[in-house]
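The following note sets out points for a colleague who wishes to review this structure in detail. Please read the numbered paragraphs alongside the sequence and the coordinates.

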Amino acid sequence: NGRIFNSSGRLDGICTTVYDTAGDVVAGAPRTDSSGNYTVEDLEAGDYVLLFWDCNYSRLPAYAYTYFGGASNFDAATVITVTAGVDEFGKNVTLALGGTISGHIDLAAPGGNVDLPSYGGMDATTYQLVGSTWVKFPDESPYVGGPDWGDYAVPGLPDGTYRIAFIDHRTGPRAYTPQYWNNQPTLAGAANIVISGANVVTNVDAH
């Protein structure tokens, strides 16, 4: 267990995801309490990676996704080794505000663009450049929603370079074709989006 801080003190509304070293999710913990405390229980002996993310969805800008050890990606995280019968205390982390990518998705139609149906199930999937590899960013709430249907926002991004994919999770002949910003058919051809100093990048749109 431990505490989450920002530059002013303890921070509530932060959630924890626990991974094994292969990158598989092992457990999720409730959000931090009003004193910034978190606890992950019932872990078996082994090595784990902890990710802290802002689950107070009304808070914008959000705090940046941060792995234990202050890392911005899984590979750079500090691994925590759990020994049977031994509690690991004092796993504290300080978070800074992250950047945001936002935009709007609609459908290209013969008479002009039309609104995305509310049942569409579209996802604004984010990829982060880690070294020379594009890695899917662990955003917990990428689904496209409101307040105007078709709007999306990916908050809590650490400084870095990103690409966005607009993907329909339905299958079958009526599913929409994946598209990568800016109007590209593959991730390799997608345009880069740079987050620095918790900036907000808008108008990352798709038709």
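Two strands are taken to pair if DSSP finds at least two bridges between them; strands (E, at least two residues) and helices (H or I, at least four) are DSSP runs, numbered from the N terminus. This is a predicted model, in which local features need pLDDT of at least 70, side-chain atom pairs count only at pLDDT 80 or more, and totals for chains, interfaces and linings use all residues. Residues are numbered from 1 along each chain as its sequence is written, and side-chain values use heavy atoms, with hydrogens and water left out.

1. Three strands form an open sheet in the order 15-10-19, with mixed pairing. Strand 15 and strand 19 are the edge strands, each pairing on one side only. Strand 10 (residues 99-104) runs parallel to strand 19, and two bridges link them. Within this sheet, threonine 100 is placed opposite valine 200 of strand 19.

2. Strand 3 and its partners. Strand 3 is antiparallel to strand 6, with seven bridges between them; valine 18 has leucine 50 of strand 6 as its bridge partner. Strand 3 also pairs antiparallel with strand 4 (residues 25-29), over four bridges, and here threonine 17 has glycine 28 of strand 4 as its bridge partner. The hairpin of strand 3 and strand 4 has four residues between the strands, and glycine 23 in this hairpin takes a positive phi near 95 degrees. Buried means under 20% relative accessible area, exposed over 50%, and partly exposed in between (1.4 Å probe, protein chains only). Six of the seven residues of strand 3 are buried, so this strand is largely enclosed by the rest of the structure.

3. Disulfide. With a disulfide defined as a pair of cysteine sulfur atoms within 2.5 Å, the count comes to one disulfide. The bond joins cysteine 15 to cysteine 55, with an S to S distance of 2.1 Å. The torsion about this S-S bond is about 85 degrees, so the disulfide is right-handed. Cysteine 15 belongs to strand 3 (residues 14-20), while cysteine 55 lies in the loop between strand 6 (46-54) and strand 7 (66-67); the pair therefore ties together parts that are 40 residues apart in sequence. Cysteine 15 and cysteine 55 are both buried.

4. Nonpolar cores. A nonpolar core is a set of buried Ala, Val, Leu, Ile, Met, Phe, Trp, Tyr and Cys residues joined through side-chain atoms within 4.5 Å. The largest such core has 29 residues, and those with the most contacts inside it are Ile101, Tyr152, Ile164, Phe166 and Val204. Two or more residues come from each of strand 3, strand 6, strand 13 (122-130), strand 15 (151-157), strand 16 (160-168) and strand 18 (193-195). A second, separate core of 16 residues includes Ile14, Ala29, Phe52 and Leu95. Contact means heavy atoms within 4.5 Å; residues up to four places away in sequence aside, isoleucine 101 touches residues including Tyr152, Val154, Ile164, Ile195 and Val204.

5. Asparagine 6. Which residues does asparagine 6 contact, leaving aside its neighbours within four places in sequence? They are Leu11, Tyr63, Thr94 and Leu95. Asparagine 6 is located in strand 1 (residues 2-6) and counts as buried at 16% relative accessibility. A polar atom of the asparagine 6 side chain lies 2.9 Å from the backbone nitrogen of serine 8.

6. Cis peptide bonds. Most residues other than glycine have a negative phi, and most peptide bonds are trans. The bond from leucine 60 to proline 61 is cis, with omega near 0 degrees, and proline 61 sits in the loop between strand 6 and strand 7. The bond from tryptophan 181 to asparagine 182 is also cis, with omega near 10 degrees; asparagine 182 is in the loop between strand 17 (179-180) and strand 18.

7. Alanine 198 has a positive phi near 60 degrees. Alanine 198 occupies the loop between strand 18 and strand 19 (200-201) and counts as partly exposed at 26% relative accessibility. Asparagine 203 likewise has a positive phi, of about 60 degrees. Asparagine 203 falls in the segment after strand 19 and counts as exposed at 56% relative accessibility.

Note on methods: A polar contact is a pair of N or O atoms within 3.5 Å; within protein, one must be able to donate a hydrogen and the other to accept it, and residues adjacent in sequence count only if both atoms are side-chain atoms.
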